[in-house]
Amino acid sequence: MNNSKHISDKNIESIMGSLLRYGVLIAALIVAAGASIYLWQHGAGRPAYHVFEGEPKRLTQIAAIWKNAMEGRGRALIQLGILVLIATPIARVLFSVVGFVLEKDLLYTFITLFVLAVIIISLL
């Protein structure tokens, strides 16, 4: 019984490690694809540094980023990759909550939920 719990802990740690590894890898691939498309389309252009222009709304709202990324726009794909990179540790914390619930570890479940709440509140 006790031995199966250690195997379960090890499996959960392995899944969390894979989640972080693949999340970062997927984010890097999305950013690289977006950068390639952007440089292909605008690599020869001259930057206009004398006028500051903030990010357009299509790159600051998640739904618009998704829509433009699906249309193959380079800057939107870069933004989407950054969002995936931000979401990766959040997914890890969520998975930790599931792991602690499965282990019936109430203290760490509440601590992890508190950490998740802090992360979500800080993103709002």
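**Exercise 1: α2 against α3**

Work out how helix α2 (residues 62-70) and helix α3 (residues 74-102) pack: their angle is about 125 degrees, and their axes lie 8 Å apart.

Solution. Step one: angles under 35 degrees count as roughly parallel, over 145 as roughly antiparallel, 65 to 115 as roughly perpendicular and the rest as oblique. That makes α2 oblique to α3. Step two: the two cross in a left-handed way. Step three: for contacts (heavy atoms within 4.5 Å), look at Ile62, Ile65, Trp66, Asn68, Ala69 and Met70 in α2, which meet Ala76, Leu77, Gln79, Leu80 and Leu83 in α3. Sorted by type, the residues of this contact are nine nonpolar, two polar and no charged.

This is a predicted model, where local features need pLDDT of at least 70, side-chain atom pairs count only at pLDDT 80 or more, and totals for chains, interfaces and linings use all residues. Residues are numbered from 1 along each chain as its sequence is written, and side-chain values use heavy atoms, leaving out hydrogens and water.

**Exercise 2: α3 against α4**

How do α3 and helix α4 (residues 106-123) pack?

Solution. Step one: the angle is about 155 degrees, with the axes 9 Å apart. Step two: α3 and α4 are therefore roughly antiparallel to each other. Step three: α3 passes α4 in a left-handed crossing. Step four: on the α3 side the contact includes Ile86, Ile90 and Phe100, and on the α4 side Tyr108, Leu116 and Leu123 are among the partners. By type, that contact has 13 nonpolar, three polar and no charged residues.

Key
Axes are lines fitted to C-alpha atoms, for helices over the stretch in contact, and angles run from 0 to 180 degrees between N-to-C directions. Helices (H or I, at least four residues) and strands (E, at least two) are DSSP runs, numbered from the N terminus. A crossing is left-handed if the near helix is turned anticlockwise from the far one by less than a right angle, and right-handed if clockwise. Ala, Val, Leu, Ile, Met, Phe, Trp, Tyr, Cys and Pro count as nonpolar, Asp, Glu, Lys and Arg as charged, and the others, Gly among them, as polar.
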